[in-house]
Amino acid sequence: MSPSAAALHADIARVLLDETALKGRIAELGRQIAADYKGRRLMVVGVLKGSILFLADLLRALGPGADVEVDFVAVSSYAGKSSTGAVRMLLDLRASPEGKDVLLVEDIVDTGLTLTSLTETLRAHRPKSLEVCTLLDKTMCRKTPFTPKYVGFPIPNEFVVGFGLDYDEKYRQLPYVGVLKSEAARTT
Ligand code: IMP
């Protein structure tokens, strides 16, 4: 279901992924991940804050039989619309990932710098396995080679917001992923 003209935020140039597309693909990802980890306990680690809506839907899509624990990390790599390249850990895991099957859940992979750094940091804690699930993947923007195991949607090199993704902390609540208008065309 595409948002009606009234529901479309004035700062969004166009909707890239509507609620129906997101829901359908996340259901598929959930089924795939549940099957891959069947019979094993999975530590799902959400990368704050962009993954929050995706994580909530993905957890439900894993189904009632999945054996999961949930934790969070927060890192900062962006200021405005460009990656700073420097990744800072703002919030660390509460539980140790040592010996566990860990799945990092991220909103978007762009340059790959954030997840390269984050996975290196987590690997130092010796998880049994470590994989990444990202909702969006800007594959052509990599500055370092990084291939997430689970990808919701490969997307073009455009700055997108909504469904958890922000621009300077705005637009996370939008139920769709949309391309942000240029600054001059925005109303807010
Ligand atoms: P990377 O380190 O360049 O791969 O960037 C990863 C992080 O950059 C993501 O977790 C997002 O927070 C942010 N990011 C990258 N592209 C976008 C975008 O199009 N919209 C909003 N945030 C983005």
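Mentor: Start with a definition: a residue is buried when its relative accessible area is under 20%, exposed when over 50%, and partly exposed in between, using a 1.4 Å probe and protein chains only. R123 has a relative accessible area of 48%, so R123 counts as partly exposed. This residue sits in helix α3, which covers residues 113-123. P97 is 26 residues away from R123 in sequence, and the two C-alpha atoms are 8.9 Å apart in space.

This is a predicted model, in which local features need pLDDT of at least 70 and side-chain atom pairs count only at pLDDT 80 or more, while totals for chains, interfaces and linings use all residues. Residues are numbered from 1 along each chain as its sequence is written, and side-chain values use heavy atoms, with hydrogens and water left out.

Now the whole protein. It has three helices and nine strands, where helices (H or I, at least four residues) and strands (E, at least two) are DSSP runs numbered from the N terminus. Their order from the N terminus is β-α-β-α-β-β-β-α-β-β-β-β. The radius of gyration, taken over C-alpha atoms, is 16 Å, close to the 16 Å from the globule rule for 188 residues, so the protein is as compact as a globular protein of that length. That rule is 2.2 Å times the number of residues to the power 0.38. Along the principal axes, the C-alpha atoms fill a box of roughly 50 × 35 × 30 Å. Of the 188 residues, 45% are buried.
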